[in-house]
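Good morning, and thank you for coming. I shall describe one protein model, moving from a helix to single residues and then to aromatic rings.

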Amino acid sequence: MLNIEEEIARELGIQTWQVSAVEKLIDEGSTIPFIARYRKEKHGGLDDEQLRNLNERLAYLRSLEARKQQVLSAIKEQDKLTKALEENINNAKTLVEVEDLYRPYRPKRRTRAMAAREKGLLPLAQLIMEDKLTGSAKEAAAEFVDLEKGAADADQALSGARDIIAEDLSDDAAVRSHIRGLFEKESIIKAEAKDESARSVYEMYYHFSEKASKIAGHRILALNRGEKEDILTVSLEDPDEKALSWLTRRACAGKGQESSAQISQAAEDGYKRLIKPAQDRELRSELTQKASEGAMAVFSKNLRQLLLQPPISGQTVLGWDPAFRTGCKLAVVDPTGKVLDTVVIYPTAPQNKVKEAKEVLKKLISRYHITLISLGNGTASRESEQIIAELLGEIPQKVSYVIVSEAGASVYSASKLATQEFPEFDVGQRSAASIARRLQDPLAELVKIDPEAIGVGQYQHDMNQKILSQVLSRTVEDCVNSVGVDLNTASVSLLEYVSGISSAVAKNIVAYREANGRFDNRQQLLKVPKLGPKAFENCAGFLRIRDGSQPLDNTGIHPESYKAARLLLSKAGLSPEKLAGRPVRLKLNNKEKTASDLGVGVPTLDDIVKELARPGRDPREDMPAPILRTDVMEMKDLRPGMILKGTVRNVIDFGAFVDIGVHQDGLVHISQMTNERYIKHPLDFVSVGDVVDVRVLSVDLERKRIQLSMILDD
């Protein structure tokens, strides 16, 4: 029987007691964010990623053990369960191993081997495999000729016996495991164009060949998509000779000439007809799964960085959703996120009412004291930016603009949530409001959009959408809880991602707030319908209350640690009531003794001290701020050698795309990121939202491609 705790500890390089502690907490209903933040003493300070991996492996291995019991029960019902088979199944470490062992006993659709068994040819197959032929194989087969059962002559009898042998060989778990390993190590994945003359984004794969063991994940996903779009023919070149030679030697070992001759034919047939096609499908599936997992990991890290971009607070923002025929939709949003005004202007083709549009903009800027314009990067954004840049040179007020990604804005504006939030607005006005708000507070606004629609990854539509959704939702959950949520302003969409709060409870919190006014302290959460003690334990530390009756409610200190925090403050001659958002810096000479005196562990003490040093502070403030612009550049203005400042918009396996303000992101290849050290993956060096200096290497106006380098000197 597999020891789950020991196996996970071995895989993750942690202690067995840590696994057991986390497993117990999970089974008690604690969430991963809560365990990571408030149960450090119990699990030894494992971080969010380690806990997520532990949780995933725990679920997988529990599922594995459940499957083992199903398989053992099914084989037992057939009265074919031996002690050795039972031991092998119990010791299996993957579902693939279990399914390989179960394969000979799994109900099958009708096969050639089944038909041969019905003809009474199993004893002949056993004579051959056990090397008990007394004469020639044909002479032995003659005894099994039976016209009624369908074996018309000795040749047919031998053919049926070979079908049974071929199936038995293909069902052998050891055979499948060895050949699987051989294919994984030596198979070559190939691609050819169906029409070489056709131009497409897959041209680099028109004559492609690479070992399956070394091919990068993004290439696998590109090949899969090219094959799906009927542009590429993808195949595997397997080590057939080596695999068949090994299989034949294994099957014929110690057998006489007559038996070996029949087994060799059966082995060749079984390999070509049963083993090779199945292993090819498995290998393609495994390569796709690994590539998808890698892409999801990159997507998840990109999403994390995007969500954690610093908010631009205290400014009235004009959200600008650019368009041609239907006009540019504008929304004025005050520093609290309230929409003050909306209007449509037509400065772009076909109307080209530039003068009229500028007059409207000047009035809006003057009336609402707008200091920042948030311009969406969609259709007509280049033309809109040109007008904005001209306008900023004509007005006395100091106004800047930022180009923001529109990804997901259209999805949000047409959603049920947007309709409820802005029932009087059309989709364009909602989109403009969203574009403004995602600059003021990216996290609060982007959580309203399905993570898959935000678009900071590659090939996300080619992956298992259910798994992708789960991975990205966990990322959003981690981001929301790492930042914390204002209980009195948070939307249902934001509250849903808080540790321990379900969709129903999030709605109940907002309904309670609307009916009873703002929350004055965290304890009032227990009055919310369906929010019980366990949910309160999980969520309380992540919810903030500004200007409430309990100053500690505006920190990440959990209510269960308030007593310790008060004692700590009293030792310094302070009280929570005197905090009022002011930092308290405490020096502890003996942490262990102080923690013991307070009745908490050292990790909890450290967290309390950190929170008191920056009460109510937003951790996103430490991230690089967006680049504010007042002028405009075009791609034709770029020259090789120019040094520019840009924002990393997307990170992929082979590099990063950087926005340098010309409406076409430039690519920094992984080889152009640094010459000081080796980089295994671009995410080791840059993240979405980073502000970086880049040098222009080349500009291809026709293909709209910009090559950049982060190595600024040769």
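**A helix and its cover**

Let us begin with helix H6, whose buried residues are covered by elements including helix H5 (48–77) and helix H7 (95–102). Please bear in mind throughout that this is a predicted model.

Which residues of helix H6 (residues 83–91) are buried? They are Leu-85, Ile-89 and Asn-90. These three span an arc of only 130° around the axis, so they lie on the same side of H6. An α-helix has 3.6 residues a turn, so residues three or four places apart point the same way.

How confident is the predictor? The mean pLDDT of the chain is 92, and 99% of its residues reach 70 or more. Confidence is highest in helix H25 (residues 533–539), at a mean of 98, and lowest in helix H18 (residues 409–413), at 86.

I turn now to single residues. Where does Ala-212 sit? Its place is the loop that runs between strand S2 (207–211) and helix H13 (217–228). Is Ala-212 buried or exposed? Ala-212 has a relative accessible area of 5%, and because the cut-off for buried is under 20%, Ala-212 counts as buried. Setting aside residues up to four places away in sequence, Ala-212 touches Glu-184, Ser-187, Ile-188, Ile-189, Leu-283 and Leu-287. Phe-183 is 29 residues from Ala-212 along the chain, yet the C-alpha atoms of the two are separated by 8.3 Å.

A second example is Ser-434, which belongs to helix H20 (residues 427–440). Its relative accessibility is 1%, so Ser-434 is buried as well. Which residues does Ser-434 contact, apart from neighbours within four places in sequence? The answer is Tyr-412 and Glu-445.

Finally, we come to the aromatic rings. The model has five aromatic pairs. In one of them, Tyr-205 and Phe-208, the ring centres are 5.2 Å apart and the planes meet at 70°. Why is this pair called edge-to-face? The planes are at 70°, and an angle over 60 degrees counts as edge-to-face, so the pair falls in that class. Both partners are buried: Tyr-205 has a relative accessible area of 4%, and Phe-208 has one of 9%. Elsewhere in the chain, Phe-34, Tyr-38 and Phe-542 are linked into a cluster by ring pairs.

Thank you for your attention.

How values were computed
Residues numbered from 1 in each chain as written. Predicted model: local features only at pLDDT ≥ 70, side-chain atom pairs only at ≥ 80, totals over all residues. Heavy atoms only, no water. Helix = DSSP H or I, 4+ residues; strand = E, 2+ residues; numbered from the N terminus. Buried < 20%, exposed > 50% of the residue type's maximum accessible area, 1.4 Å probe, protein only. Contact = heavy atoms within 4.5 Å. pLDDT = per-residue confidence, 0-100. Phe/Tyr/Trp six-rings, centres within 6.5 Å; stacked < 30°, edge-to-face > 60°. Arc of directions from axis to C-beta.
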